[in-house]
Amino acid sequence: WARFLGNEPSYVRVLRRVSINNEFEIVSEVLLSGRHFGEIAKLDRNELRHVRDLLAARYHRPTLKVEQTVSVQVLPPRACRLMSISPGTTGLAWIIRGRTYRDAPLSWQRVFVPPSDHPLLFTAWRG
């Protein structure tokens, strides 16, 4: 993530547990430049529900492009604990790199998804 965001004096990490339709939970970790978005660390958790919208509205940095990779792997113990699943569970690791104006790196996000019978829909959008 540091290679993508660039050499910064500090970074901000937003760690969230998200309920999907009250059926299962995922873990999302968003990393941002501390130099540009350090104030985010002081916000209430309710203000961090939609980080992408926050970056566009408050900082005038919309997400204009995303690059995504998905792999199946043993989920990290911390993610398993947050999702209340057994350590060593295999699931989906989804990395989303967000870019803004002039193709500049904006955000790096990693999402952990536990095994589920629910199909996942990935849609493309433009900020």
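Leu 120 is found in the segment after β5. The model is predicted, so local features need pLDDT of at least 70 and side-chain atom pairs count only at pLDDT 80 or more, while totals for chains, interfaces and linings use all residues. Residues are numbered from 1 along each chain as its sequence is written, and side-chain values use heavy atoms, with hydrogens and water left out.

Leu 120 counts as partly exposed because its relative accessibility is 42%. Buried means under 20% relative accessible area, exposed means over 50%, and partly exposed lies in between (1.4 Å probe, protein chains only). Together with Val 70 and Phe 122, Leu 120 makes a nonpolar surface patch of about 260 Å². Patches are made of residues with over 30% relative accessible area and no salt bridge; like charges are joined within 9 Å, and nonpolar side chains (Val, Leu, Ile, Met, Phe, Trp, Tyr) within 5 Å. The areas come from the Shrake-Rupley method with a 1.4 Å probe, and for residues only the protein chains shown count as cover.

The next topic is the interior. In soluble globular proteins, nonpolar side chains tend to be buried together. A nonpolar core is a set of buried Ala, Val, Leu, Ile, Met, Phe, Trp, Tyr and Cys residues joined through side-chain atoms within 4.5 Å. Here the largest nonpolar core has 13 residues, and Val 14, Leu 32, Phe 37, Ile 40, Leu 48, Val 51 and Leu 55 have the most contacts inside it. At least two residues of this core come from each of β1 (11-20), β2 (24-33) and α3 (51-59). Helix α3 gives the largest share, four residues. Contact means heavy atoms within 4.5 Å. Leu 48 is in contact with Val 14, Arg 16, Ile 40, Leu 43 and Leu 54, leaving aside neighbours within four places in sequence.

Now to the strands. Two strands pair if DSSP finds at least two bridges between them. β1 and β2 pair in the antiparallel sense over 10 bridges, and the bridge partner of Arg 16 in β2 is Ser 28. The hairpin of these strands has three residues between them, where Asn 21 takes a positive phi near 55°. β2 also pairs with β5, again in the antiparallel sense, over five bridges. One of the residues involved is Val 27, whose bridge partner in β5 is Phe 112.

On strand β4 (residues 90-99), eight bridges join it to β5, and the two run antiparallel. Leu 92 stands opposite Val 113 in β5. β4 and β5 form a hairpin with five residues between them, and Arg 102 in the turn has a positive phi of about 55°.

Strand β5 is mostly covered, with seven of its nine residues buried. Ser 107 has its place in β5 (residues 105-113) and counts as buried because its relative accessibility is 12%. Apart from residues up to four places away in sequence, Ser 107 touches Phe 4, Leu 5, Val 30, Leu 31, Leu 32, Ile 96, Arg 97 and Gly 98. Pro 105 also lies in β5, but Pro 105 is partly exposed, with a relative accessible area of 37%. Pro 105 and Lys 65 are 40 residues apart in sequence and 9.5 Å apart in space, C-alpha to C-alpha.

The structure holds 11 salt bridges. A salt bridge is a side-chain nitrogen of Lys or Arg within 4 Å of a carboxyl oxygen of Asp or Glu. Lys 65 and Asp 103 form one, at 3.7 Å from N to O. This pair links distant parts of the chain, with Lys 65 in strand β3 (residues 65-74) and Asp 103 in the loop between β4 and β5, 38 residues apart. Another salt bridge joins Glu 29 and Arg 13, whose closest N and O atoms are 3.2 Å apart. Glu 29 is in strand β2 and Arg 13 in strand β1, 16 residues apart. Glu 29 is buried at 6% relative accessible area, whereas Arg 13 is partly exposed at 46%.
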